[in-house]
Amino acid sequence: MKLKTVLRDALFLNWALPVEALPELPSPLRYELHRVEGEDVVFASALLSRQFGLHRLSLPFFRLSYPQLHLRFCVLDGVRMPSFFVGTLLVPAWVAPATALLARQPSTGARFRFPEPAEEGDDHSWSWSVTNGTALEVEARFGSPPGGGRPDLGDWRQTVAYFLERERSYVQVGDRLRRLEAAVPEVEVSPVSAEVHDAALLAERYPGVLWPALHSAWLCHSMPLSFEFGTMPVPRLRRRAIPQAAASSRSRV
């Protein structure tokens, strides 16, 4: 099943989290680990965006546009391909049945406040929020690329590439893993200075995880995507599984 869409005003937020605090993954996935001061950490990446014109190639006139939140974890799959496991997908409540029908993606309804971001060079900040009982609230403004984040992924371009150049995403649906293969053309991203004012939504879904200050953040005004879904059986379910959700994206920088 092949789909196309455009992500607009896509805000990427990245954290480094201790692996001991995270739920176990369905086999054959495993977390991509980084060693920091004697501790193994894993990157989690939230993507807040407006999805514009999502459609199957076989149904070009049936299109959906809506805001969304993906929370993904950096993993290695069975052939050690750097990938995402998507643990949470939130969309407006009216969209959830349609996404299940169109893209067969498990999702949860939520309320969104996604402002129009300022133009680069504007010093004003803007605020995003997603609410599903509890909330995730973020304030951001354009700024210089951060430095000194641990773990060190290299310079700014290498840091962005670590997250965007992942062709595969996985989501667990019942006893199967759905794999998404995605590709996008080269896109421009702008570094932002972002602060999470309310992380209760994340804390509720991942109890025991203490969400630190952000490692890095950026904004992409427009990201065209084409992607294809496939399925594979889960050979073995481990003790705990991350809550279900949907897809991710790939880009070159």
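I started with Trp211, and asked myself: is Trp211 buried or exposed? Its relative accessible area is 16%, and the cut-off for buried is under 20%, so Trp211 counts as buried. This is a predicted model, so I keep that in mind for everything below.

Next I checked where Trp211 sits: in the loop between H3 and E13. I then listed its contacts, skipping neighbours within four places in sequence. Trp211 touches Trp15, Leu17, Ala44, Leu71, Leu202, Ala203 and Tyr206. I also looked up Pro18, which is 193 residues away from Trp211 in sequence, yet the two C-alpha atoms are 9.8 Å apart.

**Ring pairs**

A reminder to myself: two aromatic rings are described by the distance of their centres and the angle of their planes. I counted 13 aromatic pairs here.

I took Phe12 and Trp218 from that list. How are the rings of Phe12 and Trp218 arranged? Their centres are 5.6 Å apart and the planes make an angle of 25°, which is under the 30 degrees limit, so I noted the pair as stacked. Phe12 belongs to strand E1 (residues 2-18) and Trp218 to strand E13 (residues 216-233), so 206 residues separate the partners of a pair that links distant parts of the chain. Both came out with a relative accessible area of 0%: Phe12 is buried, and Trp218 is buried too.

Back to my starting residue. Trp211 pairs with Trp15 in an edge-to-face way, with 5.1 Å from centre to centre and 80° between the planes. Trp15 is in strand E1 while Trp211 is in the loop between helix H3 (200-205) and E13, so this pair ties together parts that are 196 residues apart in sequence. I found both Trp15 and Trp211 buried.

I also looked for a cluster, and got one made of Phe12, Phe43, Trp156, Tyr162, Phe163 and Trp218.

**Charges over rings**

Which residue lies over the face of Phe52? I found Arg8 there, 3.9 Å from the ring centre. Over the face of Phe84 I found Arg166, at 5.5 Å from the ring centre.

**Whole chain**

The protein chain has three helices and 13 strands, and 52% of its 253 residues are buried. Of the contacts between residues at least 6 apart in sequence, 74% join residues at least 24 apart.

Note on methods: Residues numbered from 1 in each chain as written. Predicted model: local features only at pLDDT ≥ 70, side-chain atom pairs only at ≥ 80, totals over all residues. Heavy atoms only, no water. Phe/Tyr/Trp six-rings, centres within 6.5 Å; stacked < 30°, edge-to-face > 60°. Helix = DSSP H or I, 4+ residues; strand = E, 2+ residues; numbered from the N terminus. Buried < 20%, exposed > 50% of the residue type's maximum accessible area, 1.4 Å probe, protein only. Lys NZ or Arg CZ within 6 Å of the ring centre and 35° of its normal. Contact = heavy atoms within 4.5 Å.
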